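Thanks for asking me to look this over with you. Could you open the model alongside this note and follow the points in turn?

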Amino acid sequence: MSRVRLLVFNQALPVLDYRVPDGMVVEPGSVVVAPLGPRQVLGIVWEPERLPGDQVAESRLRALIEVLPVPPLPAPLRRLIEWIADYYCASLTSVARMALGSAAALRGGGTMTEYRLTGEVPARLTPQRAAAIEALEGEQATIRELAEKAGVSEGVLRGMAGAGLLEPVVVDLDRPYPRARPEFAEPVLSPDQQAAADRFIGAIRSAGFRPFLLDGVTGSGKTECYFEAVAEAIRRGEQVLVLLPEIALTENFLRRFEARFGVPPVLWHSSLKSTERRRAWRAIVSGEAQVVIGARSALFLPYARLGLIVVDEAHEVSFKQDDGVRYNARDVAVIRARFEQIPVILASATPALESMQLAEAGIYEKIDLPARFGGATLPHVEIVDLRSEQPERGRWLAPRLVKELKERLERGEQSLLFLNRRGYAPLTLCRNCGHRFQCPNCTAWLVEHRLSRRLACHHCGHETGIPEACPECGTADCLVACGPGVERIADEVRELLPEARIAVVTSDTLNSPAKIAEFVEAAENRMIDVIVGTQLVTKGYHFPELTLVGVVDADLGLEGGDLRAGERTYQQIAQVAGRAGRGEKPGEVLIQTRHPDAPVIEALASGDRDSFYAAEAEARRDAMAPPFGRWASIIVSAEEEAEARDAARAIGASRPDLPDVLILGPAPAPLSLLRGRYRYRLLINARRSAELQHVIRQWLEPLRFSRDVRVAVDIDPYSFV
Ligand code: ADP
Ligand code: ZN
C-alpha cells in the first residue's frame, strides 16, 4: 500500500489521504501519526471505499510520520464504529475516539511514575502541605491526579516531592493481571439455572451471533448463570465484557466475581487513574485481560479476542448516554456481538419493553428463571392508598407503614424505604414573600441538603449555603422546606423510632468504593435497621435480613409523563421490592400511592407482569412509540436565548414534508435552561419504515449556524426534557 486514507482526529478535516513512506507497513486499522499543516495528528487507516472524500493528487500527498506500536483496530470494530456513526447521526471521529480510550496508551507500555506520601511529617508545615498530607493518606497516583484529589496545585506537590514528603513509585504498565480460574468455586446450580447456563455454554461453543434475554425474577441467580458462560469463555481463551449500569454496583459485583473466579476482574470506567487506564487498555488490546467489567464506554475498546458480552440490569436507563455520541449501550452491545459473531446476554428482572418485543419476535432467545433461588419466595405486595390512609400532618409515612417498620425493628429485621429524591427537600421557599430558590443556570429549583448544609442544583451542580434570611425580602428564619427527600424521610424515621439505626443511601452519601463497601458490610452485619435510599439501593444488593420495603411515593416517576414513565416506574418499584425477603424470612412490600388504579400500580400489586407489558405495548403502538414507531429529537442550544431560538426556527422552517414522518416543534425544551444554555427542541416521530437517520442528515446538513449554537441529534431518546 503506497497511498492510504485516514480517519483523522480532527473535526474539521476528518478524512485525509497520505503516502506511506518506504519501509513503513500499515494495514486498515493501523493507528498512525500524520502531518497536518505545521502540526501532527492521530489517524486510523481506513478502507478508502468506505470513507468518502476528495482524491488528492499523488504529487500533493504528504508522508505518514509513524505507525504506533499497537495492533490495528480489528475489522469488526471498524464496522461497529461506522454503524454507530451512521445510526446515531454522530461523526466517525467522535465514535472512533472512544475505541482508543487512552491516547497515552498508544505510545506503548513501559512505566509511569506515581507518587505517595513518605509518612514523614515535619514539625512545621504550610497549610497547603498540611491539607495535602491529610487528603492523600493511602493514595498513590500521578502528581496531576493527586493535586486534583487534594485540591492543591501541582506545584505544591512537586515542592513536597522535593522536600521528601512525597516519593515516586514506578508503575509497570504491562504487569500482568492475575489469571481468573473458571473452576475456582463452581456453584451447584438449580435445574432451571443449569438449563440456562447450558444454553449459554452451547452458544459459546458453537460460536456465532446469538442474542439472549435472561429474564429472571429478582434473587433467581442470574449472575450465577451467566458466570458459567463467563467461565466457559475463559476456558476457551476468549475475552468477556460485562457491562454494569452504575459504578456503585461494581463493589458488590467485584466481591462476587472474586469469590467465583479467585481474582478480581479488570475494570474500565471513567474514574480510573491514568496508570490503571493505560494498563487496562493495553491488556484488553493484547488479549491479556480475560474479563472486563465496565461502564458503557468499555463497549468500544479493541478487544483482541472478544467471546461474550453480558449486559447486566439491561433495562437500566443509565445505559443511554445523553451527551456526546448519544448511544444506547444495551443496543450497541447487541450490534457489537453481531459484528463480532459472538453471543450476548441481556440480563434483567424487568426487561425493557423493546427487549421483550424482540424476544417475542424470536430475534432474541428468551431464557426464564421464574423462581427465586434456594426456596426464597417473592415478597407480598400491598398498596397504601394515601387518599384514605393519610400520614400525620407534616409527615410522609402512612400509619400502616409506620406500624410495619416498628414490628421489623422489634424483631431485629431490616427495612428499606425508597424515595428517588436526594437531599432534604426538593423546593425551598420564603414563607413571607413566596420567593423560591432557583438555579441561576437551569430551569430547576435548588434542592436543600441538610447533611451538607447546602442548596444544590441536581442538573449543573451549582451550590450555595442556606441563607439565614430570605434574599428577596430580608425576613429572617422564614424559609420552609416543601416536599420530602430521603434526608427528610430519615428524620421522620428518627423521630418515630428513636432507637433505630438509620442509613441514608444516595450518591451523596455513598460517593466512593470505600463508603459503598462500608455500607454493605454494615447492612450485612445487621448494624443498620432502616435504610432510606434513592434508586441507588434498588438493585444488586442482597441483604437476607431485609424483610420490609416501603415505597414512599410511587407516583413520583409518573409525573413527568414521558413515554417510558410507566415502564420506568414499574422497573424501579419491582427492583426495589426485589430487595425484600431474599433470605429465609418472607418479604413484604408497601407501596404508597394516590393512584392505586393506575395500570402500573395495579400490575405491581397483583404481580401480573405480563398484562402490564401487554397494556404498555398497546399504548406504545397507539402512540407510534418504540418499538413500533421511532422517535428522535433535535436539541438546539446556545448561551443567548435568541440564538437558540433563531437556529431552532431555521431548522423548523426547512423541515422535510414526508408522509411517514411527523415533526413537532420547535418549542422551548421543558428544561429550557440547562447549565447556562437555552434549549429548544424538535421531536420527530416516524414509522419504522422511514429512513429516519437519512431524513435527519439530509435535513440538517445544508444548514449553517453561528459558532455558539449546538445542534444535537438524539435517536431513540430516553430523555424528553
Ligand atoms: P439476581 O441477580 O437474579 O437477583 P443473584 O444472582 O443476586 O440474583 O442471586 C441471589 C442470591 O442467591 C445471591 O446471594 C446468590 O449468591 C445466591 N445464589 C443464586 N444461585 C445460587 C447457586 N446456584 N448456589 C448458591 N448460591 C446461589
Ligand atoms: Zn443548575
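1. A word on the ground rules. This is a predicted model, in which local features need pLDDT of at least 70 and side-chain atom pairs count only at pLDDT 80 or more, while totals for chains, interfaces and linings use all residues. Residues are numbered from 1 along each chain as its sequence is written, chains are lettered from A and ligands numbered from 1 in the order in which they are written, and side-chain values use heavy atoms, with hydrogens and water left out.

2. Five of its six residues are buried, so S1 is largely enclosed by the rest of the structure. Buried here means under 20% relative accessible area, exposed over 50%, and partly exposed in between, using a 1.4 Å probe and protein chains only.

3. S1 has two antiparallel partners to look at (strands pair if DSSP finds at least two bridges between them). Five bridges link S1 with strand S2, residues 15-19, in the antiparallel sense, and Val4 faces Tyr18 of S2. A hairpin of six residues connects S1 to S2.

4. Now for the helices. H1 (residues 75-87) packs on H10 (residues 329-340) at about 140 degrees, with the axes 9 Å apart. The contact (heavy atoms within 4.5 Å) includes Leu80 and Trp83 of H1, and Ile335 and Phe339 of H10. Its residues comprise eight nonpolar, no polar and four charged. For this count, Ala, Val, Leu, Ile, Met, Phe, Trp, Tyr, Cys and Pro are nonpolar, Asp, Glu, Lys and Arg are charged, and the others, Gly among them, are polar.

5. What meets what between H15 and H16? Gly566, Thr569, Tyr570, Ile573 and Ala574 of H15 touch Val600, Ala603 and Leu604 of H16. That contact divides into six nonpolar, two polar and no charged residues.

Notes. Axes are lines fitted to C-alpha atoms, for helices over the stretch in contact, and angles run from 0 to 180 degrees between N-to-C directions. Helices (H or I, at least four residues) and strands (E, at least two) are DSSP runs, numbered from the N terminus.
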